[in-house]
Amino acid sequence: MTKRWRRKPVIWIVLLTVAATIFGVAIAMNFHTSNRIRKELHHKYAITDPQFRREMGVLLGPAIVPGNKVTDLENGDEIFPSMLAAIHAAKRSITFETYIYWSGTIGKEFSDALSERARAGVKVNVTIDWHGGSKLEKRQIEEMKQAGVHVEFYRALRWYNLNKLNNRTHRKLLVVDGSVGFTGGVGIADSWQGHAQDPEHWRDMHFKIEGPVVAQLQASFNDNWVKMTGEVLNGPDYFPAIKPAGDMDANMFMSSPKGGSESMHLMYLMVIAATEHSIDLSAAYFVPDDLMQQALLDARKRGVRVRVLMPGEHTDSESVRLASRAQWGPLLAAGVEISEYEPTMIHNKLLIADGAMISVGSTNFDIRSFQLNDEASLNVYDPSLAARMTKVFEADLAKAKPYTLQMWKKRPWTERVAETVILPIKSQL
């Protein structure tokens, strides 16, 4: 055998080693999270203090704008008809971004509605997360494209973006004619149909938005659209002059690992630090980091009543439930009231602070939402809506089981062992 042929196996071994190393590094990068906020935020002003609003508008990006109307929609029976009615009424443009979009009855209704509007000449642009849209049939996608719907998949699997596989768009945005918007927790799948009547149908909320803040929802959609296509959606079809529709003050802001990844984290920390009376949190996934947990403990020291509502046995992620429960001890000991929703999976994302403001949107109360996902949340500074949401929260709370410190101390050893395995990877759940 010649020296030339003897060298070939060595060359292949080197090339394979290099390729494996690059692949391993790319995959490892998906597990990296960085928390640039390392110090606690202390209580310096109240939610109702003008200073709070000034900083919420400046530190988090979009200004707080007046003249808005925000309507809460409960479960699929209210949410889907309202969204579909808005789509059917579109005359100029539709922009739609979602994490979950699956084939099924409701998925077909949305695809048909979007396609019909595209055939009618409406500009229809749709962003679907590649992972969240994995259960959407190719035939359904092609039908939308043939009708003229511009469909893009966010972070689709490619060899050159393996290091970004863990960065998903979790945003849930629908804007019609640049003047009516929707956001909340709902995905496009049959699990969200109905009225949370059984474990097969989830409990969730979505919000219809009218008024000047809708332009900020449109800008949030544009953020990822530009990343994927290089196209800026502008002009009066997307950003018309919007007249006041109500008397609510609001701002919409977004976060992503590559641009403002700390804004959601900072927003929650600022709100919790400003509270003086009450925090009501309905969270589909509750896995706070150390700073967030300390912020809740500090709130309790100030005498703030903290109520947290989350899924019970009906959950789509038992690992998240384990990671969450492992951290409850200090919270329960400090007097945080934790309850588990019993009828079905509760997917709400709702924060009510001091009966003066609410925050809703796609953001979960966990490290993934704060540091890994692209998220978008709407803050509404309106006591009347906060009062309405408090009634909704307490109606859900009436269907939940309180979890006590004694229950936490007596949880089975098998659960404790599982927690030790899950906790080191809690940021990835």
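How are α4 and α5 oriented relative to each other, roughly parallel or roughly antiparallel? In this predicted model, the axes of α4 and helix α5 (residues 138–147) come within 8 Å and cross at roughly 15°. Angles under 35 degrees count as roughly parallel, and α4 and α5 are therefore roughly parallel to each other. The crossing in which α4 passes α5 is left-handed. Two packed helices are described by the angle between their axes and the distance between the axes.

Helix α4 also takes part in an aromatic contact. The structure holds eleven aromatic pairs. One of these is formed by Phe80 and Phe110, which are arranged edge-to-face, with 5.8 Å from centre to centre and 80° between the planes. Phe80 belongs to helix α3 (residues 75–88) and Phe110 to helix α4 (residues 105–119), so this pair ties together parts that are 30 residues apart in sequence. Phe80 has a relative accessibility of 3% and therefore counts as buried. Phe110 is likewise buried, with a relative accessible area of 0%. A further edge-to-face pair consists of Phe365 and Phe370, with 5.8 Å between the centres and 75° between the planes. Both Phe365 and Phe370 are buried. An aromatic cluster is made up of Phe80, Phe96, Tyr101 and Phe110.

Aromatic rings are also approached by charged side chains. The charged end of Lys135 is placed over the ring of Trp102, at 4.2 Å from the ring's centre. Arg411 lies over the face of Trp408, and the distance to the ring centre is 4.1 Å.

Strand β9 pairs with β11 in the parallel sense, over five bridges, and Ser282 has Leu309 in β11 as its bridge partner. Strand β9 is also joined by five bridges to strand β13 (residues 349–353), and these two strands run antiparallel. Here the bridge partner of Ile279 is Ala353 in β13.

Strand β11 (residues 305–311) pairs with β12 in the parallel sense as well, again over five bridges. In this pairing, Val308 stands opposite Ile338 of β12. Strand β12 (residues 337–341) is mostly covered, with four of its five residues buried. Four bridges connect β12 to strand β17 (residues 400–403), and the two strands run antiparallel. Ile338 has Tyr403 as its bridge partner in β17.

Most residues other than glycine have a negative phi, and most peptide bonds are trans. Asp177 has a positive phi, near 55°, although the residue is not glycine. Asp177 is located in the loop between β5 (173–176) and β6 (180–184). With a relative accessibility of 9%, Asp177 counts as buried, because buried means under 20% relative accessible area. For Asp354, phi is near 55°, again a positive value in a residue other than glycine. Asp354 is found in the loop between β13 and β14 (357–361). At 16% relative accessibility, Asp354 also counts as buried.

Conventions
Residues are numbered from 1 along each chain as its sequence is written. This is a predicted model: local features need pLDDT of at least 70, side-chain atom pairs count only at pLDDT 80 or more; totals for chains, interfaces and linings use all residues. Side-chain values use heavy atoms; hydrogens and water are left out. Buried means under 20% relative accessible area, exposed over 50%, partly exposed in between (1.4 Å probe, protein chains only). Two strands pair if DSSP finds at least two bridges between them. Rings of Phe, Tyr and Trp (its six-membered ring) pair if their centres lie within 6.5 Å; planes under 30 degrees apart count as stacked, over 60 as edge-to-face and the rest as tilted. A charge sits over a ring if NZ of Lys or CZ of Arg is within 6 Å of the ring centre and within 35 degrees of the ring normal. Axes are lines fitted to C-alpha atoms, for helices over the stretch in contact, and angles run from 0 to 180 degrees between N-to-C directions. Angles under 35 degrees count as roughly parallel, over 145 as roughly antiparallel, 65 to 115 as roughly perpendicular and the rest as oblique. A crossing is left-handed if the near helix is turned anticlockwise from the far one by less than a right angle, and right-handed if clockwise.
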